[in-house]
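Here are a few notes to read alongside the structure.

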Amino acid sequence: MHKKEEKICEDLGDRAGLSRSYGNQALILSDWGRLDEAMEMHKKEEKIKEDLGDRAGLAICWWNMGLIHKDKENKQKTIELWKKSIKITQSIGIHIKGIDENELKKLRENMG
């Protein structure tokens, strides 16, 4: 279904919709354990969100990319992405559920 959405968004020139489609596909692929493919989708999503100046969307994208790195046990990259995510949400004055310093603290404790 998301591939059809992707095609429609491409045909319409709907970059925000295309970004959303990539993000949704990435989440599904991640759930299926196809982490490299999920990361590819998130990178496509990230590029569009950067082009559009969607800072809140970038925060969510980076958080999700961090989750993939967490699953791959890449602590340093996870923390790097999560810090970026937290920093941008703070800079725009929003709080996105699940994105906070407590998660970073837990990660540091659990991954040594």
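This is a predicted model: local features need pLDDT of at least 70, side-chain atom pairs count only at pLDDT 80 or more; totals for chains, interfaces and linings use all residues.

1. Setting aside neighbours within four places in sequence, methionine 65 is in contact with Met39, His42, Lys43, Glu46 and Leu81.

2. Methionine 65 also matters for the next point, the largest nonpolar core. This core has 18 residues, and Trp62 and Met65 are the ones that touch the most other members. At least two core residues come from each of α2, α3, α4 and α5 (75–91). The top contributor is α4, with six residues.

3. Now have a look at α3. Its 18 residues should span 26 Å at 1.5 Å a residue, and the end C-alpha atoms lie 25 Å apart, so the two agree. The buried residues of α3 are Leu35, Ala38, Met39, Met41, His42, Glu45, Glu46, Ile48 and Lys49. Their cover includes α1, α2 and α4. Just after this helix, glycine 53 has a positive phi of about 75°.

4. Helix α2 (residues 15–31) can be checked in the same way. Among the buried residues of α2 are Gly17, Leu18, Tyr22, Gly23, Ala26 and Leu29. Elements covering the buried residues of α2 include α1 (2–12), α3 (35–52) and α4 (55–71).

5. Finally, the two ends of α2. At its start, a side-chain oxygen of aspartate 14 comes to within 3.4 Å of the backbone nitrogen of alanine 16. Following α2 is glycine 33, with a positive phi near 85°.

Notes. Residues are numbered from 1 along each chain as its sequence is written. Side-chain values use heavy atoms; hydrogens and water are left out. Buried means under 20% relative accessible area, exposed over 50%, partly exposed in between (1.4 Å probe, protein chains only). Helices (H or I, at least four residues) and strands (E, at least two) are DSSP runs, numbered from the N terminus. Contact means heavy atoms within 4.5 Å. A polar contact is a pair of N or O atoms within 3.5 Å; within protein, one must be able to donate a hydrogen and the other to accept it, and residues adjacent in sequence count only if both atoms are side-chain atoms. A nonpolar core is a set of buried Ala, Val, Leu, Ile, Met, Phe, Trp, Tyr and Cys residues joined through side-chain atoms within 4.5 Å. The expected span of a helix is 1.5 Å times one less than its number of residues.
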